[in-house]
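Biologist: Could you walk me through this one, feature by feature, and tell me how to read each?

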Amino acid sequence: MAAMWVAVYALWDNLAVTFKPAVIAKGYLGVELFFVLSGFILCHVYLASAGEKRFNYREFLWARIARVYPLHIATLLAVMALGFAALFAGMSIDGSVMSWASLPANLFMVHAWGLAPEAGWNHRSWSISAEWFAYLSFPLFAFAAWKLRHRPVTAIAGALILLGGLYFVFPRLAGFPLTEATIAWGALRIVPCFAYGCALYLAFRRAPLAMPGLIAATAAALMIAAAALQLWDGIIVALAGALILGLASLPNARAGWLSSKPAVYLGEISYSVYMVVVPWQLLAVNLAAKLTNAPDKHLHVFVWLAIVLALPLVAAASYHLVEFPARRALKGLAARRRTAAKLSRSAQSLA
């Protein structure tokens, strides 16, 4: 749902209407929800090993690369191919789409660190660059979280103070909200959200919430209301954290349709949904506009809906053709290297 919130936000300007619902206008905050969730999940998986000195930083980074890098490169190449095809067909494209000066930063996933001169290629991947920054910094987040593991309320309060402080100060220095930062300050944008997710995990680790379903439903309803009222982004992000904590505390047996196979599958392909938005938009919107003679690429509502509803299908294809097999191959490579290293050590000890 968060991925589709971002997707509809990105595609809305191609719809031939003169209005934008307030909830859609806040769609960029779907990224913040992913950032909070990322901190929560990584602490769930790795915090104990980090705190107990069992954490293998190299294996952790390899697992993160296996998770995000193949699809990042695949979508970048897809945008490149579409750009060349458009030029070959005599069509004009925005010069920033194929920004060669920004290519090295994109390849090394540092284009949200202020190291790319302009937004280009699969622009949505700026958030993957921000995630890479958080992955590299994870030992610092884990160190702070482990120190506060018995004081989750303090950790959550500290994270919210950090979030609120940055959200208040940043626009006064930069001239725009931190929640709208991409290639210039995207690495900073993830920091308060990731820290908030780590702090929320401490609360979950201490004791899952009572009445989690009610809390999750209330948080979701308040998020929608806050977005509809165009309230401060910090309020919506704080509520997103409450939603994540409520859902995490909800046992599968009581999750209903959220734990059904279709819902779980949609969760599995959510990264692909997010990452294919730009290439799919370039391809589908341009073709639809050409076929329907849509002025300024503003599409009829039924044409636009067809493009939006086809997005999960395109994402499913990218998941099965690129994301999942590449991730499995890279993890398999790491497993084989670990096995070879163990055998080598055993042979040396016998010698």
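**Reading the features**

Modeller: Let's start with Glu323, which at 1% relative accessibility counts as buried. Buried means under 20% relative accessible area, exposed is over 50%, and partly exposed is in between, using a 1.4 Å probe and protein chains only. Keep in mind that this is a predicted model, where local features need pLDDT of at least 70 and side-chain atom pairs count only at pLDDT 80 or more, while totals for chains, interfaces and linings use all residues. Residues are numbered from 1 along each chain as its sequence is written, and side-chain values use heavy atoms, with hydrogens and water left out.

Biologist: Which residue forms a salt bridge with Glu323?

Modeller: A salt bridge is a side-chain nitrogen of Lys or Arg within 4 Å of a carboxyl oxygen of Asp or Glu. Here the partner of Glu323 is Arg67, and their closest N and O atoms are 2.7 Å apart. Glu323 sits in helix α15 (residues 301-350) and Arg67 in helix α4 (residues 57-88), so this pair ties together parts that are 256 residues apart in sequence. Helices are DSSP runs of H or I with at least four residues, numbered from the N terminus. Arg67 counts as partly exposed, at 24% relative accessibility.

Biologist: How many salt bridges does the structure hold?

Modeller: There are 7 salt bridges. Among them is the one between Glu52 and Arg54, with the closest N and O atoms 2.7 Å apart. Glu52 is partly exposed at 44% relative accessibility, whereas Arg54 is exposed at 52%. In another, Lys20 meets Asp13 at 3.5 Å, N to O; Lys20 is partly exposed, with a relative accessible area of 35%.

Biologist: What about Arg124, how far away is its nearest side chain of opposite charge?

Modeller: For charges, Lys and Arg count as positive, Asp and Glu as negative, and His and the chain ends are not counted. Arg124 is buried but has no salt bridge: Asp13, the nearest side chain of opposite charge, is 8.0 Å away. Arg124 lies in the loop between α5 (103-107) and α6 (126-136). Contact means heavy atoms within 4.5 Å. Setting aside neighbours within four places in sequence, Arg124 is in contact with Val6, Tyr9, Ala10, Tyr274 and Val278.

Biologist: On to rings, then. What does the count of aromatic pairs come to?

Modeller: Rings of Phe, Tyr and Trp (its six-membered ring) pair if their centres lie within 6.5 Å; planes under 30 degrees apart count as stacked, over 60 as edge-to-face and the rest as tilted. That rule gives 26 aromatic pairs. Take Tyr201 and Phe204: the ring centres are 6.1 Å apart and the planes are at 40°, so the pair is tilted. Both lie in helix α9 (residues 186-206), 3 residues apart, about one turn of the helix. Tyr201 and Phe204 are also both buried. Another tilted pair is Tyr319 with Phe324, at 5.8 Å centre to centre and 35° between the planes. In that pair Tyr319 is buried at 6% relative accessible area, while Phe324 is partly exposed at 32%.

Biologist: And which residues form the aromatic cluster?

Modeller: One cluster takes in Tyr46, Phe55, Tyr57, Phe60, Tyr135, Phe138, Phe141 and Phe194. Tyr135 has a charge over its face too: Arg64, at 5.5 Å from the ring centre. The rule there is NZ of Lys or CZ of Arg within 6 Å of the ring centre and within 35 degrees of the ring normal. Arg172 does likewise over Phe168, at 3.8 Å from the ring centre.

Biologist: Now a helix. Which residues of α7 are buried?

Modeller: In general, an α-helix has 3.6 residues a turn, so residues three or four places apart point the same way. In α7 (residues 138-147) the buried residues are Phe138, Phe141, Ala142, Ala145 and Trp146. Seen down the axis of α7, these buried residues fall within an arc of 130°, so they line one face of the helix; the arc is that of the directions from the helix axis to the C-beta atoms. Leu140, Phe143 and Lys147 are exposed on the other side of α7. The cover over the buried residues of α7 includes α3 (30-51), α4, α6 and α9.

Terms used:
Helices (H or I, at least four residues) and strands (E, at least two) are DSSP runs, numbered from the N terminus.
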